[in-house]
Amino acid sequence: MTSAAGSPLTFSALGEAAVLFDAAQGSLDFAVQQRIWALSSLLETARGVTETVPGMNNLLVVFDPFVTDHRTVVDAANANWPPRALPEKSGKVVDIPVVYGGRYGEDLAWMAERAGMSAEEFAGLHASATYTVYALGGQPGFPFLGGLDPRLATPRRDVPRVHVPAGTVMIGGAQTGIYPADAPSGWNLIGHTSVKLFDPGQMPPALLSPGDTVRMIVED
């Protein structure tokens, strides 16, 4: 599926009860992400659809196969792509205090050297950006953040670490994120925050939602 008015939208069936729509064009695009959010809102009320999950320039649509089917869901997406209206995403602004480097940011020094700057410059540049939560995934509450300065982009590790603590701030490729819970990761570690991103005892349990704005605050 393509449209002259918007990014190409491709799709693939995931089992008997889901379709993955992909609008990525090699790099993240905030305008495309806004269209993904709008399409998600449009399809979540479609007959037979049980869940829509926005990803990074993509959208997973889960449906009840006893009520609808792949072709009907694809046709509904095609009819609404690109969305004619892009409602404002009324996300909140969240400040995240970050201690850069040290025990939880062991990759900061070599990443800075790779980028041709000091560790302080690298951290300051990372903290100076305004980030948008594109999607949550990987683990509950993990935010995929758009807005990383291209100078800080760093490929993921060839060999993942088996344990990365909750609260670790990291960079993987052209994205940055914060781990809500202890888990393995192949991302590069640059700092740590004491802010809790996921609490199953709270409602909602995730601190951040797609469309929210995140600001990193340098903390000593």
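**Exercise 1.** Determine how many bridges join strand 2 and strand 4, and in which sense the two strands pair.

*Solution.* Strand 2 covers residues 18–22, strand 4 covers residues 58–63, and five bridges join them in the antiparallel sense. Strands here are DSSP runs of E with at least two residues, and helices are runs of H or I with at least four, both numbered from the N terminus. Two strands pair if DSSP finds at least two bridges between them.

The model is predicted: local features need pLDDT of at least 70, side-chain atom pairs count only at pLDDT 80 or more, and totals for chains, interfaces and linings use all residues. Residues are numbered from 1 along each chain as its sequence is written, and side-chain values use heavy atoms, without hydrogens and water.

**Exercise 2.** State whether leucine 20 is buried, partly exposed or exposed, and list its contacts.

*Solution.* Leucine 20 lies in strand 2. Its relative accessibility is 26%, so leucine 20 is partly exposed, the class between buried (under 20% relative accessible area) and exposed (over 50%), with a 1.4 Å probe and protein chains only. Beyond neighbours within four places in sequence, leucine 20 is in contact (heavy atoms within 4.5 Å) with residues including Phe11 and Leu59.
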